[in-house]
Amino acid sequence: MTRFIDVHSLVRLVDETGIPQFLTALADALRDDFLRWREFDKKARVASHSHLGVIELMPVADDGAYAFKYVNGHPHNTQVGLPTVMAFGVLAEVDTGYPVLLSELTLTTALRTAATSAMAAQALARPDSRSLALIGNGSQSEFQALAFHALLGIEEVRVFDTDPHATDKLVRHLSACTSLDIVRAHSVAEAVRGADIVTTVTACQGRATVLTPDMIEPGMHINAVGGDSPGKTELHPDVLRKARVFVEYEPQTRVEGEIQQMPADFPVHELWRVLLGEVSGRETPAQVTLFDSVGFALEDYTALRYIQRLATERGIGQQIALVPELDDPKDLFGLTASGRRRAVLRRAA
């Protein structure tokens with residue numbers, strides 16, 4: 001049988017664990033898997049684009065487990081009452097191909113994206129960073145703020161969105177976190193002024209310029225999350241030129257990330273090499289570092305394995321017959337009404 005984790009089961013796992021603890025444990029698991037980078041069979045995601053959005057499949061595997069995520073990106077969905085991003089995923093045994101887990105990944109994607117952002121910042125931002133500018137206050141924003149608070153000790157979050165209702169929502173949700181000082185800004189420039197870390201997680205379409213070179217200060221770490229598909233970026237190209245740039249999986253990021261704006265030989269460094277100590281991260285306190293984060297399948301693999309472990313330990317989720325259970329694995333027809341009738345006739349004879 002396959003364990004099925006629907007939205008309600010995932011919410012129960014998160015609530016029972018606590019969001020900060022969930023994010024911290026997930027970030028630790030992500031770091032462990034990034035350190036095993038060479039063990040994975042990796043490829044860029046397969047994307048199907050339309051004039052309204054994109055639908056993608058994101059596969060990855062090691063010797064033991066195979067995972068994939070189905071995910072969409074439709075910025076106009078909110079106008080018809082649907083999330084911009086919706087996702088589900090599967091975890092399967094490599095040896096048999098048997099699917100052991102089918103899980104929602106919409107909420108999980110927000111959690112794993114935030115955990116990845118904070119995990120990367122631990123390696124790239126200044127250790128004394130205490131303030132975060134959060135540009136874009138939509139569905140990812142609260143998770144980003146809580147991840148940076150839990151993993152880096154961020155104390156102040158300066159928030160801005162072109163939609164004030166989105167900022168109202170974020171402020172309301174984070175009001176219970178009394179150890180976080182939430183400061184509303186009236187512009188992007190006001191939010192980022194003096195910030196140690198800047199996260200951009202907007203739904204801007206096309207070649208947007210959420211951050212411009214004049215906003216960048218020495219020592220900043222930039223966490224660019226919103227630009228994640230061809231033709232969709234958030235940063236002015238000169239912001240990239242001012243920074244030491246890090247990516248997840250270079251072949252994918254060259255197509256989908258902020259660096260799609262740059263020449264093919266523009267220098268970038270994959271994050272796993274920093275974590276392994278093969279490449280330096282931040283070289284000086286005044287250096288500007290930038291994590292060009294588009295989301296990679298390994299992060300979903302890690303999240304699915306973490307969910308599977310928690311759900312198994314706590315007995316959460318349903319066991320479903322996603323794959324036929326057969327007495328004779330060669331007799332698939334026997335599941336059908338015709339097959340069952342033939343079996344009854346044979347027994348009667």
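Analyst: Let us start with a pair: the side chains of Asp28 and Arg31 meet in a salt bridge, 3.3 Å from N to O. This is a predicted model, where local features need pLDDT of at least 70, side-chain atom pairs count only at pLDDT 80 or more, and totals for chains, interfaces and linings use all residues. Residues are numbered from 1 along each chain as its sequence is written, and side-chain values use heavy atoms, with hydrogens and water left out.

User: Why is the pairing of Asp28 and Arg31 called a salt bridge?

Analyst: The term asks for a side-chain nitrogen of Lys or Arg within 4 Å of a carboxyl oxygen of Asp or Glu. Asp28 and Arg31 meet at 3.3 Å, so the pair qualifies. Both residues lie in helix α2 (residues 19-34), three residues apart, about one turn of the helix. A helix here is a DSSP run of H or I with at least four residues, a strand a run of E with at least two, both numbered from the N terminus.

User: Why is Asp28 called partly exposed?

Analyst: Buried means under 20% relative accessible area, exposed over 50%, and partly exposed in between (1.4 Å probe, protein chains only). Asp28 has 37%, so it is partly exposed. Arg31, at 22%, is partly exposed too.

User: What makes Asp33 buried?

Analyst: Its relative accessibility is 7%, so Asp33 counts as buried. Asp33 also forms a salt bridge with Arg36, the closest N and O atoms being 3.0 Å apart. Salt bridges that share partners join Asp33, Arg36, Glu39 and Asp62 into one network.

User: How do you know that Thr212 is buried?

Analyst: Thr212 has a relative accessible area of 18%, so the label is buried. Thr212 sits in the loop between β12 (207-211) and β13 (221-224).

User: What makes the link between the side chains of Thr212 and Asp214 a polar contact?

Analyst: A polar contact is a pair of N or O atoms within 3.5 Å; within protein, one must be able to donate a hydrogen and the other to accept it, and residues adjacent in sequence count only if both atoms are side-chain atoms. The two side chains make their contact at 2.6 Å, so the distance passes.

User: Which backbone oxygen does the side chain of Arg282 reach at 2.8 Å?

Analyst: That of Leu124. Arg282 is buried yet has no salt bridge. The nearest side chain of opposite charge, Asp128, is 7.7 Å away.

Technical notes. Lys and Arg count as positive and Asp and Glu as negative; His and the chain ends are not counted.
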